Amino acid sequence: MAELNTGDSGGGKGGKVRSKKQNSKVDLTAMVDLAFLLITFFMLTTSLSKPQSMPLGLPAKDDKVTKIPPVKTDQRRTVTVILGEGDQIKWFHGLLATPEPNGAPKTTDYGKNGIRKILLDRVASIPVVMGDKEKGMIVIIKPTKKSTYKNLVDILDEMAICKVPTYAIVNEFTPEENKLAEELNK
């Protein structure tokens, strides 16, 4: 609304009445409505990032289970990792019954100075020992009943970080491996 100056003319202005300049006002209601319409539009039309999961190959469910003979692999390519309680890991190179040189079971933990260092060393050395870079390391992961789901996820992360070509999760233990697992879970 405009106001009129009804007071004195201010002396010397000739007695003219002037209106005061008023600040112009902008009605922002339409702009706010448009902003909410745009926000709603983009929220409904964009796709949210989908959780990423690791591919896991599981055997097909078959009512007629056929006995598949075990696959024989060179023990020089095999590293077995037993997960225990308290974020502890027992690992050995080769078979426990006939260990490789320096393949006796050892205890370590997770992290860059633990199992990651061991896996990185083995990933680099096994193709050299085998004489064929196509024959990489095979890791057998054996979680015990006292290990946690976090431990299994951590070791799978280590497999991805170290670029281990082949690994498997196995829940069957030999009697010798059961003794190692009991030592680990004390």
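Student: Is Glu177 buried or exposed?

Tutor: Glu177 counts as buried, at 6% relative accessibility, where buried means under 20% relative accessible area, exposed over 50%, and partly exposed in between, with a 1.4 Å probe and protein chains only. This is a predicted model, in which local features need pLDDT of at least 70 and side-chain atom pairs count only at pLDDT 80 or more, while totals for chains, interfaces and linings use all residues. Residues are numbered from 1 along each chain as its sequence is written, and side-chain values use heavy atoms, with hydrogens and water left out.

Student: Which residue forms a salt bridge with Glu177?

Tutor: That is Lys142, and the closest N and O atoms of the two are 2.5 Å apart; a salt bridge here is a side-chain nitrogen of Lys or Arg within 4 Å of a carboxyl oxygen of Asp or Glu. Lys142 is buried as well, with a relative accessible area of 8%.

Student: How many salt bridges are there in the whole structure?

Tutor: A search of the whole structure finds four, and one of them joins Glu158 to Arg116, with the closest N and O atoms 2.8 Å apart.

Student: And Arg116, how accessible is that one?

Tutor: Arg116 counts as partly exposed at 22% relative accessibility, whereas Glu158, at 5%, counts as buried.

Student: Changing topic, what does Lys150 pair with?

Tutor: Lys150 forms a salt bridge with Asp154, the closest N and O atoms being 2.9 Å apart.
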